[in-house]
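Thanks for making the time.

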Amino acid sequence: MPLSIARPGIVGGGSYVRGVDTHSAPVALLESLTDPEVLAAVNDAANMLDDKDSVALAQAASAGIARLEAVRFRALAQLNRHRDGARSVAQEVAFALSVTDNHAGAMVAAADALTTRLPRTLNLMDEGKLAGFSAMKVATATAWLSDEDARAVDAVLEDRIGDKNPDQVRKAANHAANTIDPEGAGKRAERHREGRRLTLRQGETGVASIEVEDGPVEKVAAAYQRIDREARALRTGGETRTLDQLRADVALDLLLGGQGGTSERSEVFLYMDLFTYLGLNDDPAELAGHGTIPASLARHIAAGQNTVLRRIITDPLSGQVLDLGRDRYRPTAGLAEFVRVRDRECRRPGCHRPAQACDIDHSVPWQHGGHTTDTDLIDLCRRDHRLKDEPGWTYHLSTDGTLTITTPTGQRYDSTPPPLHGPRPAADEPPPF
């Protein structure tokens, strides 16, 4: 049945109408959905919206963009199929979409995966729940899996990644992939670590960037913590440099053998089940601020000569941290340490700054009746600590550890520290198979 589009100059059924052949009908239909006149009217109306409606309009626009990106992925996949996966497809896409060759190649690879191995992820885009950049994170995380395993990860993620930011999606996808194929995850991590390199990128006049790419995550995390700590120590009363400038200066000073930095040990939190540590299972571990790492890599890090192991007591039903395994009740001096171990990262949903670099803050302000206890203290990075004090933002910490943040427009977002393990049976119950 010929396609008819209610737009002047384009009708179905003919070979060409005003220079447009019928194969361009989908393009014309898409253009009609994004008519500049309609968008101009929306833009004019946006200037008169209140805060709540402004957020709603931005959300609606993001959902629409996600749907359009799904269309774009399907088009790129079709192009790739027509060309039998030729390498030149990426270059053509780079030209057509004005993106770099590397990004174009990643888009084509993601398009192929989404239209074959990851249909549920693509469907989330159709529903406006997942942005294209986030979908590419899923494609990258599952690229090394077999088709069967990739579809299994796709099914697991369907109810977990909608409306999540790209970093949350990346972590969830990597966790699912590592869980589906733990042996393959270990080998993949080894290959990635073997590819470590130092790169120099020239910038604008007078500046350049140096980066350690694909370095061992435990060393990179420890190096950053050391640099960050040294930079913060330099923030005295007369210091005029920003914290970012101080970090950069300390890092370069350390590389050049200057005065920056001391020899004290940097602390990185690695969360691993005892059975994983003992090699009795291959459940993924978690490195605070980074996310899931394969069991084999976690055991390698845990066996390091500078590694300090600590017993952490958890609730068997929830997997949440109860204590740090001390022989006596934790003293006031250890309260901040307990909160950091429990929270792992900044508690604002979507922020993954390690707890060691965060502020310990009261969920209920001290002056409003808050208490300095583990049931009222949370980790917030400096940016989110300041955000908490902005007018209209409210924070509520429930008894189960769930932090609910309410924005000035009434949007509510929950954050709960992920459990260290799943629910475990009582001592008199057989373990699940």
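First, the ground rules. This is a predicted model, in which local features need pLDDT of at least 70 and side-chain atom pairs count only at pLDDT 80 or more, while totals for chains, interfaces and linings use all residues. Residues are numbered from 1 along each chain as its sequence is written, and side-chain values use heavy atoms, with hydrogens and water left out.

The chain has 16 helices and 14 strands. Those are DSSP runs numbered from the N terminus, helices being H or I of at least four residues and strands E of at least two. Of its 433 residues, 34% count as buried. Buried means under 20% relative accessible area, exposed over 50%, and partly exposed in between, with a 1.4 Å probe and protein chains only.

Now the cores. A nonpolar core here is a set of buried Ala, Val, Leu, Ile, Met, Phe, Trp, Tyr and Cys residues joined through side-chain atoms within 4.5 Å. The largest has 33 residues, and F73, L114, M125, L130, V138, L157 and I161 touch the most other members. Helix 5 (101–114) is among the helices that supply at least two residues each, and helix 5 gives the most, with 7 residues. Apart from this core lies another, of 10 residues, including C351 and L403.

What does L114 touch? Leaving out residues up to four places away in sequence, L114 touches F73, P119, T121, L122, M125 and A135; contact means heavy atoms within 4.5 Å.

Next, helix 10, residues 182–194. Its 13 residues should span 18 Å at 1.5 Å a residue, and the end C-alpha atoms are 19 Å apart, which agrees. The expected span is 1.5 Å times one less than the number of residues. Its buried residues are G184, A185, G186, R188, A189 and R193. They pack against helix 7 (132–142), helix 9 (166–180), helix 11 (217–233) and helix 14 (295–302).

Three strands form an open sheet in the order 12-13-14, with antiparallel pairing. Two strands pair if DSSP finds at least two bridges between them. Strand 12 (394–397) and strand 14 (412–415) are the edges, each pairing on one side only. Strand 12 pairs with strand 13 (residues 403–406) over 4 bridges, and T394 has T406 as its bridge partner.

Last, A248, in helix 12 (residues 243–255). A248 counts as partly exposed because its relative accessibility is 37%. Its C-alpha atom is 9.4 Å from that of D228, 20 residues away along the chain.
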